[in-house]
Amino acid sequence: MPTRFNLSGRWFLYVIAFVVILFIIIAGGAGLIVSYQWLSSLGYGKIFFVKFFAELELGIPAFLILFLLLYFYFNKIKRDYIRYTGDVLSPRETKRLTTFVLWGSALISVVMALEFASTMWQSFLNFYHSVNFGEKDPIFNKDLSLYLFKLPFLNGLYDFILFLIVVLAVLTAIMYVLMYYSNATRFFRYSEESHAFRSIPNREIIMIAINQVAILGLVFFVLLSFGYYLKGFNLLNSPLGVVYGAGYTDINVTLLFNRILIVVCLAAGIMFAVGGLRRNIRLTAAGPLLVVAVVIVSYIASAAVQNFIVSPNEFSRERPYIKNNIEFTQMAYGLGDIERVNFGEVQDIRNIDMEKNKNTIDNIRINDYRPIIQVYNQLQGIRMYYRFNDVDIDRYVIDGNPTEVFLSARELDKNRLSDQARSWINMHLVYTHGYGAVGTPVNKVTPEGQPEFMVRDIPPKGGIKIDRPEIYFGELTNDYVIVNTNAKEFDYPASSGEENIYTVYQGESGTKLGLFNRILYTIYTGDVRLLLSGDIGPDSRILINRNIMDRVQRIAPFLMYDEDPYLVVDDGKLYWMIDAYTVSSNFPYSTMSTIGGLQFNYIRNSVKVVIDAYNGSTDFYIYNTNDPVIKVYQGIFPSLFKSFEEMPEGLREHVRYPQTLFDIQSDVYRTYHMDNEQVFYNKEDLWEIAKERYQEEVQNIESQYVYMALPDNGQDENFILMVPYTPATKNNMISWMSGYVDIETGKPVLRVYEFPKNIHVYGPLEVEARIDEDAHISQQITLWNQSGSSVIRGNTLVIPIDRSILYVEPLYIASSAENSIPEVKRIIVSDGSKIVMSNTIEEALNELIGVKTEVPPPTMPTAPSDVLGQIRDAYNRAVDALKTGDFTEFGRLMDELGNILNQE
């Protein structure tokens with residue numbers, strides 16, 4: 001009976017163990033199955049297998065090679081143990097030891113092969129699918145594909161094998177030390193003379209261990225030799241010289257010693273192996289010591305050459321390498337083909353044909369995106385659970401006129417739901433999507449100073465037609481939802497009463513929740529309510545990875561994505577457009593940039609991604625077909641990319657020059673506009689991004705999208721991204737950069753307009769200083785900043801109009817009261833010499849160029865006492881209006897006060 005009980009208990013434990021292991025396997029595999037289902041639903045199922053098969057192609061050979069090497073290596077250690085131990089092992093003990101070696105080798109091989117395959121699959125595919133770059137490096141005359149596609153894999157392979165050898169050496173040392181110091185495994189040798197075991201001297205035991213690592217040492221030094229061969233190419237990305245890339249010392253000293261060390265390491269490996277096998281400690285130690293000596297000499301030689309030969313004549317020695325850095329940095333950042341144009345002498349704005357530049361003037365931005373997001377949320381949030389996350393800028397044709405527009409999606413923020421409403425059903429089955437968008441022209445405000453909405457309300461109405469306003473995929477959609485359930489799916493709040501409008505999802509996105517998938521997604525989400533809910537049926541669909549940034553990262557993690565997706569309305573539907581970049585940190589001689597913690601020295605905007613806000617369809621369009629990096633990715637993932645011509649025409653009209661790329665290029669160009677090596681070395685013509693003051697802090701002016709015509713471009717107005725430059729130590733404007741998509745070719749273009757060096761052109765910060773010095777304007781701002789209100793000075797816009805320069809700065813007034821709405825109250829314009837502040841951009845421009853504007857005549861007082869009374873009365877009423885936050889009335893009263901004071 002006890003035996004039967006123990007047997008039953010043992011089987012029970014076996015069943016429990018089996019169930020636990022099965023659950024672990026299912027839980028681990030659930031993520032893989034869900035990932036495949038999700039990618040397949042988007043038409044990208046093959047992408048899953050590209051990575052999977054690449055990991056198999058790397059992992060299986062790596063496992064087999066590692067297992068054979070480790071098994072034979074550890075088996076050799078096992079034989080040493082059996083041969084020299086004082087204990088006589090039984091066949092069973094020997095078999096157990098062999099099994100331990102077998103499974104230990106297998107376990108280590110599996111772990112290392114998995115790590116190798118998971119980290120190296122992308123670089124392996126880049127290596128395998130590499131294409132010629134068409135440009136060669138200036139030192140070794142190798143095609144640049146070596147550095148971008150092949151060296152990363154070779155360096156990774158080298159590091160992995162080197163790590164393996166070091167680990168083996170450490171394990172070998174540990175094993176022999178443990179065997180030596182353990183009484184049960186003290187080494188003995190059988191003596192034929194005395195017919196007994198005798199202890200092995202310590203020196204001989206050490207020699208046995210040395211013999212074991214001798215072969216390891218040979219492999220290590222051969223590998224080290226290969227590493228020094230690779231280091232020669234890696235020098236072209238050295239950050240240690242006067243510029244990025246190999247310098248004089250690197251090429252003439254470091255590279256020479258690297259080549260010497262290739263031979264020295266091979267010799268050291270032979271010496272180490274022979275010395276170990278012959279029990280010659282001196283010969284064994286001589287190899288490593290020789291390598292160390294050569295390395296030390298190389299450091300000394302490099303320091304001596306740098307300090308005594310290069311430093312006294314740095315420019316003459318480094319000149320060819322500076323030239324390489326300039327040329328290859330410009331090439332890597334797409335600055336090599338930039339168009340440089342002489343702007344010429346700045347003309348008086350009064351001499352400019354305003355009618356010819358009407359579209360530019362009509363689209364001058366007087367709204368600032370920073371205060372306007374607050375206005376959107378307060379005026380168009382409608383309900384507490386809606387939120388406008390970001391403001392995007394684009395251009396649309398409204399009533400036949402090209403119009404620059406702010407656009408923002410009204411997304412559902414579930415964190416704003418009340419605690420009572422945050423049930424599981426509400427969070428995942430009822431509140432599933434945002435609704436619609438708002439849009440305002442950048443150049444118009446209401447008489448109260450608030451944005452003039454051209455798209456507004458729920459359902460949306462206005463100048464831009466939106467027929468499919470539901471937003472299931474956006475910037476705030478961070479959780480999964482289940483549609484087509486028995487629960488009512490909230491669509492939008494009714495305009496009156498407490499009833500809501502409900503909907504049924506009509507899209508094809510998501511995975512149907514049959515029984516198997518309900519179990520699968522229960523495991524995946526860790527929420528059993530998904531399995532038990534009676535509201536979910538076989539036709540219900542689960543939508544996952546709905547955050548658009550997370551979505552594209554999961555599909556194509558090898559691309560870098562712009563942090564600012566922008567909303568596009570086309571044919572009544574809402575889409576998200578994201579600029580994607582190919583980047584590399586291995587471009588020789590190119591200076592590094594950093595964004596979001598990612599370092600790179602090569603970048604191209606090669607892909608435009610479009611996501612349907614309703615269906616979730618995600619399309620990757622190749623925008624730059626000349627980029628070798630995207631050609632490699634296209635070879636790896638042929639089913640992922642579409643040609644740019646396949647993008648619907650309506651969406652192509654909203655493609656713009658990406659601001660992130662433009663900001664990177666404009667920052668690099670500050671230094672790398674200097675083509676002359678001497679000027680570059682001395683930084684004689686270093687530029688800076690122009691400065692502006694925002695909320696009392698001086699900061700770099702942001703690049704701005706402006707709808708305008710470029711001087712002498714021969715094309716109509718275009719949607720242009722621009723930023724002004726100043727000299728490094730001054731605030732006057734020296735040039736400005738523009739980036740735009742060519743209307744005719746659809747290709748991106750960079751242009752730089754340079755002002756003559758013998759004239760002074762006001763920079764934004766100088767104009768702001770002049771505004772501060774204007775007695776009338778500063779007095780008004782001081783008054784507005786009192787009595788519980790504050791003035792917000794918007795972006796200082798620098799707008800070239802033909803051959804003149806116009807500066808525009810909107811003034812907002814915000815009350816200190818809770819939930820106050822910033823309102824545009826004045827517009828300041830200047831041509832550098834004259835500054836004007838008025839109620840509207842039209843009035844300000846008319847005053848600036850000398851066109852009279854009709855102003856209602858003030859009421860004339862009849863006596864001095866009446867004048868004082870009117871002043872006192874207008875002032876008191878203005879202060880009262882300011883306290884209550886009625887800025888419209890305050891502005892009118894201040895104008896009335898000014899008219900009274902200006903009476904003769």
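## Nonpolar cores

The largest nonpolar core holds 199 residues, and Phe620 and Leu640 have the most contacts inside it. Helix H4 (residues 145-181) gives the most to this core, with 13 residues. A nonpolar core here is a set of buried Ala, Val, Leu, Ile, Met, Phe, Trp, Tyr and Cys residues joined through side-chain atoms within 4.5 Å; buried means under 20% relative accessible area with a 1.4 Å probe, protein chains only. Helices are DSSP runs of H or I of at least four residues, and strands are E runs of at least two, numbered from the N terminus.

A second, separate core has 49 residues, including Tyr740, Ile799, Ile841 and Ala844.

## Basis of the model

This is a predicted model: local features need pLDDT of at least 70 and side-chain atom pairs count only at pLDDT 80 or more, while totals for chains, interfaces and linings use all residues. Residues are numbered from 1 along each chain as its sequence is written, and side-chain values use heavy atoms, leaving out hydrogens and water.

## Cavities

The structure holds 6 cavities of 30 Å³ or more. A cavity is a set of points on a 1 Å grid over the protein atoms alone where a 1.4 Å probe fits but cannot get out; lining residues have an atom within 4 Å of a point. A volume is the space filled by probe spheres set on the points, which are joined across faces, edges and corners.

The largest cavity contains about 70 Å³ of space. Among its lining residues are Trp38, Phe473 and Arg551. Helix H1 (2-41) and strand S16 (541-543) each supply at least two residues of this lining.

How values were computed. Buried < 20%, exposed > 50% of the residue type's maximum accessible area, 1.4 Å probe, protein only. 1 Å grid on protein atoms, 1.4 Å probe; cavity = no way out; pocket = protein on both sides within 12 Å on 5 of 7 lines; lining within 4 Å.
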